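Notebook open, model loaded. I want to look at aromatic rings first, then at helix packing, then at one residue in a strand.

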Amino acid sequence: MAKPDYFLFFCCQSRAEGHPRGSCGEKGSNNVFQEFTAKLAAKNLLHKVGFARTECLGPCQAGANILVHPDGILYSAVNSEDVDRIIDEHLVQGNPVSEKVAPADIW
C-alpha cells in the first residue's frame, strides 16, 4: 500500500454512562467511523486516506472527534451529516471545514 495523503484517527473511547468527561463513543463515534469508511470506499479514496480507531484524543466534551494527520486538524462534534463535506472539502480539495474544526481553547 502506498503512503496515504491523509491519515484519520477516530476517537472511539467509551466510558461508563455518567462519567464526568463523557466520551466520543456515547456521542456516536462508532457510527461516524462506519460512515467514513463506507463513503471513502464508495468514493474510491481508500488509496488516499488511511484511518484507525483510537482511544481518547483529549477533548471528550467536544466529541465525536477526528484528528487529521499530517494537517494537525481536530474535528469536533462530528456526526454522520458531516462526513461527505469533510471528505469532499478537506480530503479531496484540501480545504478544512472550518466550522467543524475544534476551537483553539480545546485543541
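Which residues do ring pairs link into a cluster? I looked this up first, bearing in mind that the model is predicted. The cluster consists of F10, F33, F36 and F51.

**Entry 1: the ring pairs.** I searched the whole structure and got four aromatic pairs. I took F10 with F33 to begin with: the ring centres sit 5.1 Å apart and the planes stand at 90°, so I logged this pair as edge-to-face. The cut-off I needed for that call is an angle over 60 degrees. Next I checked where the two rings come from. F10 belongs to strand β1 (residues 6-11) and F33 to helix α1 (residues 29-42), so this pair ties together parts that are 23 residues apart in sequence. Buried or exposed? Both F10 and F33 come out buried.

Then I moved on to F33 with F51. Here the centres are 5.8 Å apart and the planes are at 75°, so I wrote down edge-to-face for this pair too. It also links distant parts of the chain, as F33 is in helix α1 and F51 is in strand β2 (residues 49-54), 18 residues apart.

F33 has 9% relative accessibility and goes down as buried, because buried means under 20%. F51 has 28% and counts as partly exposed.

**Entry 2: α1 against α2.** How do these two helices pack? I got an angle of about 50° between α1 and helix α2 (residues 83-92), and their axes are 9 Å apart. I therefore noted α1 and α2 as oblique to each other. Their crossing is right-handed.

For the contact itself, I listed V32, E35, F36, K39 and L40 on the α1 side, and V83, D84, I86, I87 and L91 on the α2 side. Sorting the residues of this contact by type gave me seven nonpolar, three charged and no polar. I also flagged F36, as this residue is in the ring cluster and in the α1 contact with α2.

**Entry 3: T54.** My last stop was T54, which is in strand β2. What does T54 touch, leaving aside neighbours within four places in sequence? I found F9, F10, C11, C12 and Q13. F10 in that list is the ring that pairs with F33. T54 has a relative accessible area of 18%, so I put this residue down as buried.

Key. Residues are numbered from 1 along each chain as its sequence is written. This is a predicted model: local features need pLDDT of at least 70, side-chain atom pairs count only at pLDDT 80 or more; totals for chains, interfaces and linings use all residues. Side-chain values use heavy atoms; hydrogens and water are left out. Rings of Phe, Tyr and Trp (its six-membered ring) pair if their centres lie within 6.5 Å; planes under 30 degrees apart count as stacked, over 60 as edge-to-face and the rest as tilted. Helices (H or I, at least four residues) and strands (E, at least two) are DSSP runs, numbered from the N terminus. Buried means under 20% relative accessible area, exposed over 50%, partly exposed in between (1.4 Å probe, protein chains only). Axes are lines fitted to C-alpha atoms, for helices over the stretch in contact, and angles run from 0 to 180 degrees between N-to-C directions. Angles under 35 degrees count as roughly parallel, over 145 as roughly antiparallel, 65 to 115 as roughly perpendicular and the rest as oblique. A crossing is left-handed if the near helix is turned anticlockwise from the far one by less than a right angle, and right-handed if clockwise. Contact means heavy atoms within 4.5 Å. Ala, Val, Leu, Ile, Met, Phe, Trp, Tyr, Cys and Pro count as nonpolar, Asp, Glu, Lys and Arg as charged, and the others, Gly among them, as polar.
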